Amino acid sequence: MAAINSILQVENLTKSFGDLVLFENISFGMSEGQRIGLIAKNGSGKSTLLNILSGKEGYDSGIISFRRDLRVGYLEQSPYYPEELTVLEACFHHGNPTVELIKEYERCMEADGHPGLDDILLRMEHAKAWDYEQKIKQILSQLKIRDFGQQIKFLSGGQLKRVALANALITNPDLLILDEPTNHLDLDMTEWLEDYLRRTNITLLMVTHDRYFLDRVCSEIMEIDNCTIYQYKGNYSYYLEKRQERIEARTAEVERANNLYRTGLTYFAITLIINKILIKNILMVSYLYHLRLFSSIILCSASICIIAPS
């Protein structure tokens, strides 16, 4: 059953690469305002799951349902932009409703008579599109990207990841999916991002190896372990405690099963020994019975021979 104010529902999702199964028949949902940290061992499918949810990768089977009008922002682990774009152009490259509205305004201004201008201006005002470029520059500056005219091909990997982070934030999505957002951020930038996320009502699904950042930003943890999803209604510290309890309970369960198995083997061995003894006894009794019978027959035959006339 979907949760109240559900924005995402995943049912029986399976993904594999050849014989390697990353997750199998996993199900979970997200509601408005949830902030979930995704935890798993390296190579267990964290980034793959995020790519699937963002539509960048396929899956074997299952159902993924988004709310009809949901806007999704995604920071992927290794973002890509055409090398010839400038930093500022890159923030308009992938497009979002505001960017598309700005482009519509520009086309209108280039057309004779500016058809539909009044309607476009109203929508621009409602979407606060006039401030879009300024907001982009503010976020880029907070992430210490200040040369807005620099071409993408001259950026380092860390700078490119920060441009992509700014691009994901400026879209103001309903659901923000972040894959390692604090990589290449110094302490000041990390603290700014933490404050930015905590000040908004955005729904968040995030993968990060920064456990302190995860503890402060996310209020729920979702773990992929042994191809299965486990959910914890608490931050990372709470998750560590409850995960240990789950492991200990599982270990105790396995030990009980092993004890029952060993007990069963012991019972089987004892039963086998008893059966062997019983069989030996039965064979011995049978042997003695037949020996006595045979002896009786011999004696009887001998008596007949003695008594018979010559």
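**Exercises on a predicted model**

Threonine 190 has its place in helix 7 (residues 187-199). The structure is a predicted model, and the exercises below start from this residue.

**Exercise 1.** Determine whether threonine 190 is buried or exposed, and which residues surround it.

*Solution.* 
Step 1. The cut-off for buried is under 20% relative accessible area.
Step 2. Threonine 190 has 8% relative accessibility and therefore counts as buried.
Step 3. A polar atom of the threonine 190 side chain lies 2.9 Å from the backbone oxygen of aspartate 186.
Step 4. When neighbours within four places in sequence are left aside, the contacts of threonine 190 are Thr182, Leu185, Asp210 and Phe213.

**Exercise 2.** Classify the ring pair of tryptophan 130 and tyrosine 105, and locate both residues.

*Solution.* 
Step 1. The count of aromatic pairs comes to 5.
Step 2. In the pair formed by tyrosine 105 and tryptophan 130, the centres are 5.3 Å apart and the angle between the planes is 85°. Planes over 60 degrees apart count as edge-to-face, and this pair is edge-to-face.
Step 3. Tyrosine 105 belongs to helix 3 (residues 97-110), whereas tryptophan 130 is in the loop between helix 4 (117-126) and helix 5 (132-142). The two residues are 25 residues apart, and the pair links distant parts of the chain.
Step 4. Tyrosine 105 counts as partly exposed at 21% relative accessibility. Tryptophan 130, with a relative accessible area of 43%, is also partly exposed.

**Exercise 3.** Classify the ring pair of tryptophan 192 and tyrosine 196.

*Solution.* 
Step 1. The ring centres of tryptophan 192 and tyrosine 196 are 5.2 Å apart and the planes stand at 35°, so the pair is tilted.
Step 2. Both residues are in helix 7; because they are 4 residues apart, about one helical turn separates them.
Step 3. Tryptophan 192 counts as buried at 15% relative accessibility, and tyrosine 196 counts as buried at 18%.

Key:
Residues numbered from 1 in each chain as written. Predicted model: local features only at pLDDT ≥ 70, side-chain atom pairs only at ≥ 80, totals over all residues. Heavy atoms only, no water. Buried < 20%, exposed > 50% of the residue type's maximum accessible area, 1.4 Å probe, protein only. Polar contact = N/O pair within 3.5 Å; in protein donor to acceptor, adjacent residues only side chain to side chain. Contact = heavy atoms within 4.5 Å. Phe/Tyr/Trp six-rings, centres within 6.5 Å; stacked < 30°, edge-to-face > 60°.
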